Amino acid sequence: MVKKKLLKKISLALVGAILLSTVAVGCSNTNSASTASDKKVTLKMALWGDDEYKYMTETNKIADAYKKVHPNVTIEVEKIAKTEYDNTMKIRSTANQLPDVFPIRQANLSLYGDIMVPLNDLKATENNLYAKETMIKGNVIGLPEAVFNEFVFYNKNIFKEYNLEIPKTWDEFIKVSQTIKDGKKYTPLALGLKDSWVNYPLNEYMPMLEAGDGQYYNEMATKDDPFTKGQPFYDAYTKIQKLYDAKVFGDDPLGYGWDQQRAMFVAGKAAMFAAGSWYKSDYNQNGGKDENLGVFLLPTRNTTSDPFYTTAMTEFFWGVPKTSKNQKEAKEFLEWFFGDYYTQLATAINIKPTMKGVSYNDKFFTQAFDGVDAKSVTVFYDDKYNKVKNAMKFDVNGIGQQMMAGKTSLDSIMNDLNAQWKKARGN
């Protein structure tokens, strides 16, 4: 009897101990989970875009929107001036003080290849139309926010005055320019080559359009003589030289720059203006009238039966640096950011979206694609190209100035480039 009572007490004690242990473990797990979800985190963001910053801090405050789904996370947004952004990020990178989340300019992507967290596994990456076309060393290190096409902006009144139609081939484009020049009232195409960069729609992008490949420069980096006759670069530059030789940019295109170029166009003194979609807001801010403004795609093809290529330039690559102490939370933020919030952002600031399922309703720019079966090629420069470019200080815009000056033949320029290119490749 005593033995039975003793066994009963032992059994009750064991059950009690087990129950206590179970409760303790349960409490421990609960507290652990609670601690993880309640952990206070501050994610620091930096950006250079005026429109993005205004939207995120005034129109639809991103900090408040994110707290509704992640109440433990505080978003701090910092705006850095466009002209200072690249250098500021470089300094912060050297000091291991990069923000938790920030956008990278496409031109600088390769510089960040080893210091950014791979985003290959995100749903946002799968839903981004361009992320995998701009990978660095096999990894997506940034998700592009916007994509820009290039256009020729034109004055509708001037085209109407000369009874001109939208050109569909390169020869037609030159003919339209020549017709306006012959009228002796307007500059056909404003191109202020005192600032060399303004010719990028021609000298930088046309070889890609000739090749039908937005990564053609990367392919060039695998060759010793990509400037040879019959190659896309040479053929594109032959077309550009023909336009330069037509002298349709005013009396002294090397004597005026960007500011004068846009002033001429806004004032109705120039008929056409080549630039990306980003120029539209600049035009309006400078007093341009929408009712006078039209837009078409630069027609670089030879005949109307040839494919019509146009460039797509992705920009604002959002990423997370490996130095961030909140990488998990930062990636979660990007997943959220490229959801409904992104859809609202893209619509509000009128950017052409990079995400599947997000519509683009800008009637002004979509008119350029009406009646044209345009094929977009995504512009991207990889490490191979950047190494050769830096080694020989390859400057397509400077070459454009040289071509405009007309003191050296195109063949001479191309032969010299082949020699420099081969040497830069180390062959």
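In which hand does H11 pass H17? The crossing is right-handed; a crossing counts as right-handed if the near helix is turned clockwise from the far one by less than a right angle, and left-handed if anticlockwise.

This is a predicted model, in which local features need pLDDT of at least 70, side-chain atom pairs count only at pLDDT 80 or more, and totals for chains, interfaces and linings use all residues. Residues are numbered from 1 along each chain as its sequence is written, and side-chain values use heavy atoms, with hydrogens and water left out.

Start with the whole chain. It holds 18 helices and 9 strands (DSSP runs numbered from the N terminus: H or I of at least four residues, E of at least two). The C-alpha trace spans about 120 × 55 × 40 Å along its principal axes. Of the 427 residues, 48% count as buried (under 20% relative accessible area, with a 1.4 Å probe and protein chains only).

Now return to the helix pair. H11 covers residues 232-245 and H17 covers residues 396-405. Their axes come within 10 Å and cross at roughly 45 degrees. Axes are lines fitted to C-alpha atoms over the stretch in contact, and angles run from 0 to 180 degrees between N-to-C directions. H11 and H17 are therefore oblique to each other: angles under 35 degrees count as roughly parallel, over 145 as roughly antiparallel, 65 to 115 as roughly perpendicular, and the rest as oblique.

Which residues meet? From H11 come Phe233, Tyr237, Ile240, Gln241 and Tyr244. They meet Val396, Ile399, Gly400, Met403 and Met404 in H17. Contact means heavy atoms within 4.5 Å.

Notes
Buried < 20%, exposed > 50% of the residue type's maximum accessible area, 1.4 Å probe, protein only.
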